[in-house]
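This report describes one protein chain, part by part. Look over the sequence and the model before reading on.

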Amino acid sequence: METKLSTGAFVGIVISLIATMSSILTLAATGWQMFAFILFAIVCFAMPVALMTMELSTTLQGRGGPQLWVKTAFGPKWGFTSSWLLWVQMFPSMVMIASTLCPLFGVMIGQDQLGDNHWFTLAFIIVFYWLITLLNLKFDMAKIGGAIGIWLGFYLPMGLMFILGLAAFLKRGLDPHSMLGAFSLHGTIPSLAPSPA
């Protein structure tokens, strides 16, 4: 059974794997240099990955994605290895997501202390993993997540942040005492000098 994703859903899934909402705050802390970092990430990471993915997915149109590409080039052993490494890479990130959701769940039900309970956090992570596993066995969660989750988890929050930021800028302008400070072209270029110890 072939899975079809819209272009918007595919772009959203890829963006959410690289640029999560939490990383936006870290990026903003770099000040005006964030534009240089974003440009560097686009040119040196996102564009090459997009071009390679586009080339390989049009050349090898079977199911399997990266696992199929590596298997075709280097054989079944390396195809399995690439699939295993992708899974292993996703495993810790899912634990982090589940452990972050645990305190939020505690606050939501009015039991803030549950976020500090390690046993409750462990149980929450295990239940979260099994729930995701069972949902993936029953439904095509990549398609559902791409169609709905990416809008609720990335596009809408990002749009809202942009609108609120623009409204704050139009109302108050740039505060020279804020983290960004006054704009200067020189301030957008990251310093390559070693940081003081």
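## The end of helix α3

The side chain of Thr59 reaches the backbone oxygen of Glu55, at a distance of 2.7 Å. Thr59 belongs to helix α3. Is Thr59 buried or exposed? Thr59 counts as exposed because its relative accessibility is 52%, and the cut-off for exposed is over 50%. The C-alpha atom of Thr59 is separated by 9.3 Å from that of Trp69, ten residues apart from Thr59 along the chain.

Helix α3 covers residues 34–59, which is 26 residues. From its first C-alpha to its last, α3 reaches 36 Å, close to the 38 Å expected at 1.5 Å a residue. There is a bend in α3 of about 40°, located at Ile42.

## The chain as a whole

The model is predicted. The mean pLDDT of the protein chain is 77, and 80% of the residues reach 70 or more. Where in the chain is confidence lowest, and where is it highest? Confidence is lowest in helix α1 (residues 7–18), with a mean of 62. Confidence is highest in helix α4 (residues 66–74), where the mean is 88.

The secondary structure consists of seven helices and zero strands. Along the sequence, the pattern is therefore written α-α-α-α-α-α-α. The chain has 197 residues, of which 13% are buried. Of the contacts between residues at least 6 apart in sequence, 58% join residues at least 24 apart.

Gln67 lies in helix α4. Gln67 is partly exposed because its relative accessible area is 25%, a value that falls between the cut-offs of 20% and 50%. Which residues does Gln67 contact, leaving aside its neighbours within four places in sequence? Gln67 is in contact with Gly79, Phe80, Ser82 and Ser83.

Gln67 can also be placed relative to Leu86. These two residues are 19 apart in sequence, and their C-alpha atoms are 9.0 Å apart in space.

## Helix α5

Helix α5 runs over residues 76–108 and has 33 residues. The distance from the first C-alpha of α5 to the last is 47 Å, close to the 48 Å expected at 1.5 Å a residue. After α5 comes Gly110, which has a positive phi, near 80°.

The buried residues in α5 are Gly79, Ser82, Met94, Ala98, Cys102 and Gly106. An α-helix has 3.6 residues a turn, so residues three or four places apart point the same way. Which helices do the buried residues of α5 pack against? They pack against α4 and α6.

Thr121 has its place in helix α6, which covers residues 118–138. Thr121 is buried because its relative accessible area is 14%, and buried means under 20%. Leaving aside neighbours within four places in sequence, Thr121 is in contact with Ser99, Cys102, Leu114 and Gly115. One of these, Cys102, is a buried residue of α5.

## The segment after helix α7

Helix α7 covers residues 141–172, and Leu180 is in the segment after it. Leu180 counts as partly exposed because its relative accessibility is 29%. How many residues along the chain separate Leu180 from Thr30? The two are 150 residues apart, with their C-alpha atoms separated by 8.1 Å. Apart from neighbours within four places in sequence, Leu180 is in contact with Gly31, Trp32 and Met34.

Thr188 is also in the segment after α7. With a relative accessibility of 15%, Thr188 counts as buried. A polar atom of the Thr188 side chain lies 2.6 Å from the backbone oxygen of Leu185. Setting aside neighbours within four places in sequence, Thr188 is in contact with Trp32, Gln33, Ala36 and Phe183.

Note on methods
Residues numbered from 1 in each chain as written. Heavy atoms only, no water. pLDDT = per-residue confidence, 0-100. Helix = DSSP H or I, 4+ residues; strand = E, 2+ residues; numbered from the N terminus. Expected span 1.5 Å × (residues − 1). Bend = angle between axes of the 7 residues up to and from the residue. Buried < 20%, exposed > 50% of the residue type's maximum accessible area, 1.4 Å probe, protein only. Contact = heavy atoms within 4.5 Å. Polar contact = N/O pair within 3.5 Å; in protein donor to acceptor, adjacent residues only side chain to side chain.
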